[in-house]
Amino acid sequence: MSELPVRRLAIDLSRGFARHWNGGDAFRTAFCNALSMSFPVGEQFFIDAVREGAKQLDNRPEHQALRETVRGFIGQEATHRHLHGLYNAHLHKQGLINHWGPRAARRLETGRRRMFSTSDKGYLHELAITAAYEHFTAIFGDLTLESADQPGDWFAQADEPLQTLWRWHAAEESEHKSVAFDLYVALGGNHAWRMRWFNYVLLQFTLDTLRQTLNNLWHDRTLYKPSTWLSGMRFLFGRHGLVRRAAAPLRAYRRPDFHPAQVGDPALAANWLRQNAERWTLVGAAAS
Ligand SMILES: [Fe+2]
Ligand SMILES: [Fe+2]
């Protein structure tokens, strides 16, 4: 993989956005807001895991190439973290409460104290967790871009600047989806632990997403509206819904010979970035 570019997104989040910014749809808005709430803690964890893993690389040419992509990965995730932090500050002003971020931080603290920092090669556990989350974000990213302006486009009527923010984030998640996985494999990570952490993360991520989405709807006073539940069922279980479309790429991760490049289409991210080139500028790869 060539060096990953780091971009600055030309959006202005200073003026905030509407309460139901995602096409006036309470459920889709609450769901996306929940994901955003997890990003600052989650993406910092990915950065730390990948940075720690990169320290274990040696001077082999393939390891050197990986070290280059790590620099870009860190730069991209740091930019996402920053923008979602600004986004989340507006959610706070709208009266939503981020329970997910602090809970994830506490869980991580416990994990580091009991396992990651005490076991031999603890960095491999953190990389396996990161690779699993990166698979989810890449799936969400690929599906977001695949359906752009098609039936099932989750952001079709989303207000700016959030439509651009989500699609740009989707493109970069798709672009850097192999980095944590490649590091894990290059450093000797095995399939059994990759699957253990994948199963754990799948369960945890699903529960965390649902809990925070329901909490957001509660504070939004839309939790008990039939239209919210109708939209939620359609978004999750409908013909173009998340569960149906994510099932095959999720299953693919279980194959022993799986690699992230086997799912999704890299042209989707490249096309979006090219067609929206006026919305971002290149800032180079951030120093790791
Ligand atoms: Fe990200
Ligand atoms: Fe990522």
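**Metal site, core and local geometry of the predicted model**

N22 is buried, with a relative accessibility of 0% (buried denotes under 20% relative accessible area, exposed over 50%, and partly exposed in between, with a 1.4 Å probe and protein chains only). The structure is a predicted model, in which local features need pLDDT of at least 70 and side-chain atom pairs count only at pLDDT 80 or more, while totals for chains, interfaces and linings use all residues. Residues are numbered from 1 along each chain as its sequence is written, chains are lettered from A and ligands numbered from 1 in the order in which they are written, and side-chain values use heavy atoms, with hydrogens and water left out.

N22 is located in the loop between β1 (7–9) and α1; helices (H or I, at least four residues) and strands (E, at least two) are DSSP runs numbered from the N terminus. A polar atom of the N22 side chain lies 3.3 Å from the backbone oxygen of W154. Such a polar contact is a pair of N or O atoms within 3.5 Å; within protein, one must be able to donate a hydrogen and the other to accept it, and residues adjacent in sequence count only if both atoms are side-chain atoms. When residues up to four places away in sequence are not counted, N22 touches R28, T29, C32, W154, F155, Q157 and A158, contact being defined by heavy atoms within 4.5 Å.

W21 touches T29, C32, N33, Y87, F155, Q157, A158, D159, L162 and W166, again not counting residues up to four places away in sequence. The largest nonpolar core contains 81 residues, of which W21, Y87, W166 and L242 touch the most other members. Helix α1 gives the most to this core, with 15 residues. A nonpolar core is a set of buried Ala, Val, Leu, Ile, Met, Phe, Trp, Tyr and Cys residues joined through side-chain atoms within 4.5 Å. In soluble globular proteins, nonpolar side chains tend to be buried together.

The iron ion (ligand 1) is coordinated at 2.0 to 2.3 Å by E43 (OE), E77 (OE), H80 (ND1), H169 (NE2) and E173 (OE). Along the chain, the donors of this ion follow the spacing E-x33-E-x2-H-x88-H-x3-E. Distant parts of the chain are linked by the pair E43, in helix α1 (residues 26–55), and H169, in helix α5 (residues 162–175), which are 126 residues apart. Donors are N, O and S atoms within 2.8 Å of the metal (3.2 Å for Na, K and Ca); water is not among the atoms, so sites may look incomplete. E43 counts as buried at 2% relative accessibility, and H169 is buried at 4%. E77 bridges the iron ion (ligand 1) and the iron ion (ligand 2), which lie 3.9 Å apart.

The loop between α4 (122–146) and α5 holds D153, which is buried with a relative accessible area of 8%. The D153 side chain reaches the backbone nitrogen of A156 at 3.3 Å.

The axes of helix α2 (residues 61–93) and helix α6 (residues 179–186) come within 10 Å and cross at roughly 145°; axes are lines fitted to C-alpha atoms, for helices over the stretch in contact, and angles run from 0 to 180 degrees between N-to-C directions. At this pairing, H63, L66, T69, V70 and F73 in α2 meet V179, D182, L183 and A186 in α6. Within α6, V179, A180, F181, L183 and Y184 are buried, and the buried residues of α6 pack against α1, α2, α4 and α7 (191–219).

R221 has a positive phi of about 60° although it is not a glycine. R221 is placed in the loop between α7 and α8 (226–237) and counts as exposed at 74% relative accessibility. Most residues other than glycine have a negative phi, and most peptide bonds are trans. R279, in the loop between α10 (266–275) and β2 (280–282), is partly exposed, with a relative accessible area of 26%. Apart from neighbours within four places in sequence, R279 is in contact with R8, L9, A10, E160 and T164.
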